[in-house]
Amino acid sequence: RMSRGLGDVYKRQEYVNVLFKNLIRFVGDDFTPLQSAVTDSNDTAVIQELCGDFNAVSAITADNKADAVFASRFAEEEITDMDYANDAISEFLNLSNGLYNVNISETTGKEIGLNPPETTTSSAVSGIKSKFTLTIPVEYTFGTVVFTLAVI
């Protein structure tokens, strides 16, 4: 086990590590991480709060086209209905955050809870008051999907 005094830096690094492994495993490896950029406030976002030893909000933001293809790849079926797409993206976010939580628990002995995912807009994500926000845009062949971790 690692030291109990592990800070948020380790937790943020581990979050990114788990996220990219899950993208490759569940969605595909045909992406390129990009430099951070501001997202369009009309884009759909799915958010989930992590609470406990590490308090943060994670989010996935994309336009409708990228949302639908990302969700279709994750669900392994074609999805055109946006409500269903957002449900599939919520499942991906919950799965990825759950695997992250298991890794943190195993390495630090700390537990992190998850609140249910919610669908909102990217402007709500950018409005989260945080100590630190990590924004990771990922360019797929079908569009850009933005992953955000806001430490609160």
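1. Helix H2 (residues 64-75) packs on H3 at an angle of about 60 degrees, and their axes are 8 Å apart. Axes here are lines fitted to C-alpha atoms, for helices over the stretch in contact, with angles from 0 to 180 degrees between N-to-C directions. H2 and H3 are therefore oblique to each other; angles under 35 degrees count as roughly parallel, over 145 as roughly antiparallel, 65 to 115 as roughly perpendicular and the rest as oblique.

2. The crossing of H2 and H3 is left-handed, that is, the near helix is turned anticlockwise from the far one by less than a right angle, whereas clockwise would be right-handed. On the H2 side the contact (heavy atoms within 4.5 Å) includes Phe-70 and Phe-74, and on the H3 side it includes Ile-89 and Phe-92. The residues of this contact of H2 with H3 divide into eleven nonpolar, two polar and two charged. Ala, Val, Leu, Ile, Met, Phe, Trp, Tyr, Cys and Pro count as nonpolar, Asp, Glu, Lys and Arg as charged, and the others, Gly among them, as polar.

3. A word on the basis: this is a predicted model, where local features need pLDDT of at least 70 and side-chain atom pairs count only at pLDDT 80 or more, while totals for chains, interfaces and linings use all residues. Residues are numbered from 1 along each chain as its sequence is written, and side-chain values use heavy atoms, with hydrogens and water left out. Helices (H or I, at least four residues) and strands (E, at least two) are DSSP runs, numbered from the N terminus.

4. H3 (residues 82-108) also packs with helix H1 (residues 8-26), at an angle of about 135 degrees with axes 9 Å apart. H1 and H3 are therefore oblique to each other, and H1 passes H3 in a right-handed crossing. Among the residues that meet are Tyr-15 and Leu-19 in H1 and Leu-99 and Tyr-100 in H3. The contact of H1 with H3 divides into twelve nonpolar, six polar and two charged residues.

5. Now the strands, which pair if DSSP finds at least two bridges between them. S2 (residues 44-52) runs antiparallel to S3 (residues 56-62), with seven bridges, and a hairpin of three residues joins S2 to S3. Val-46 stands opposite Ile-60 in S3. S2 also runs antiparallel to S5 (residues 118-121), through four bridges, and to S4 (residues 112-114), through three bridges. Leu-50 stands opposite Leu-114 in S4.
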